[in-house]
Amino acid sequence: MLTGKCALVTGSTSGIGLAMAKALAGAGADVMLNGFGDKDEIEATRKSLETEFGVTAHYNGADLSKPDQIKAMMKDAAAKFGGGADILINNAGIQYTALIEDFPPEKWDAIIAINLTSAFHTTRFALPNMKKKNWGRIINTASAHGLVASVQKAAYVAAKHGIMGLTKVTALETAESGITANSICPGWVRTELVERQIEAKAKEGGISVEQAATNLVSDKHPSKQFVTPEQIGQTALFLCSDAASQMTGTHMSVDGGWTAQ
């Protein structure tokens with residue numbers, strides 16, 4: 001389905017981002033990974049994408065809190081892809097929890113920079129090439145927290161609400177250009193980011209990690225099940241398909257019923 005297309009997925013060395021990169025590679029797209037982690041493990045992941053799916057895979061380790069490194073990454077993608085990414089997935093994200101009055105300003109700044117501002121920069125660099133081709137897919141990983149709020153997550157909730165707004169503006173500005181822009185809003189996905197929250201709740205409550213995980217997901221998901229990274233990957237793949245060519249400026253909730261309540 002995506003043979004001949006090129007995709008850049010930020011925050012894709014593990015978790016949801018890697019699952020989305022695998023889904024796109026499985027459909028024939030060449031991919032560029034981005035994110036932090038052990039260099040050898042990242043290289044092994046990059047090679048495995050090429051071996052398993054027969055595509056070309058690249059890696060760029062840009063720190064998305066730094067606009068100059070984002071610019072360099074986008075130039076690298078343009079050089080390696082022969083023009084630029086056809087598919088841009090803004091997935092990179094970090095988390096920190098605290099009451100507003102206790103929230104460290106430097107944590108606020110970092111979360112807004114990586115979870116929101118980086119998507120503005122990648123999008124502004126990606127759009128000219130997409131417009132030349134009259135085709136493009138921009139997918140922003142928002143969250144159930146782009147629709148509803150939770151305590152102690154001021155920066156994360158603000159960023160996710162913001163990225164959904166950015167998605168809508170991008171969609172309107174590209175509506176006649178063959179480009180779509182949409183958000184995916186996952187609920188609880190048991191990634192490393194969520195695992196740290198589970199461990200903190202286990203320690204705080206003096207309970208096992210598995211009990212804390214059950215409590216966490218049951219509190220929000222009527223399904224009482226975690227979403228899997230692979231399910232998010234397949235959702236992203238659908239948004240890249242012809243079937244979704246008239247879906248733009250909207251969001252897809254994959255949250256076990258969380259935001260239906």
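## Cysteines

In this predicted model, the number of disulfides is zero. Cysteine 185 is buried, and its relative accessible area is 0%.

Cysteine 240 has its own closest cysteine sulfur in cysteine 6, at 12 Å, and that is again too far for a bond. Cysteine 240 is buried as well, with a relative accessible area of 2%.

## Aromatic pairs

How many aromatic pairs are there? The count comes to two. In one of them, the ring centres of tyrosine 96 and phenylalanine 103 are 5.5 Å apart and the planes meet at 80°, so this pair is edge-to-face. Tyrosine 96 is partly exposed, at 30% relative accessible area, whereas phenylalanine 103 is buried, at 10%.

Tryptophan 188 and tryptophan 258 also pair up: their ring centres are 5.8 Å apart and their planes lie at 25°, so they count as stacked. This pair links distant parts of the chain, 70 residues apart. Tryptophan 188 sits in the loop between strand 6 (179-186) and helix 6 (192-205), while tryptophan 258 is in the segment after strand 7 (251-254). Tryptophan 188 is buried, with a relative accessible area of 7%, and tryptophan 258 is buried with a value of 7%.

## A charge over a ring

Now look for lysine 5: this residue lies over the face of tryptophan 135, 4.0 Å from the ring centre.

Terms used:
Residues numbered from 1 in each chain as written. Predicted model: local features only at pLDDT ≥ 70, side-chain atom pairs only at ≥ 80, totals over all residues. Heavy atoms only, no water. Phe/Tyr/Trp six-rings, centres within 6.5 Å; stacked < 30°, edge-to-face > 60°. Buried < 20%, exposed > 50% of the residue type's maximum accessible area, 1.4 Å probe, protein only. Helix = DSSP H or I, 4+ residues; strand = E, 2+ residues; numbered from the N terminus. Lys NZ or Arg CZ within 6 Å of the ring centre and 35° of its normal. Disulfide = S-S within 2.5 Å.
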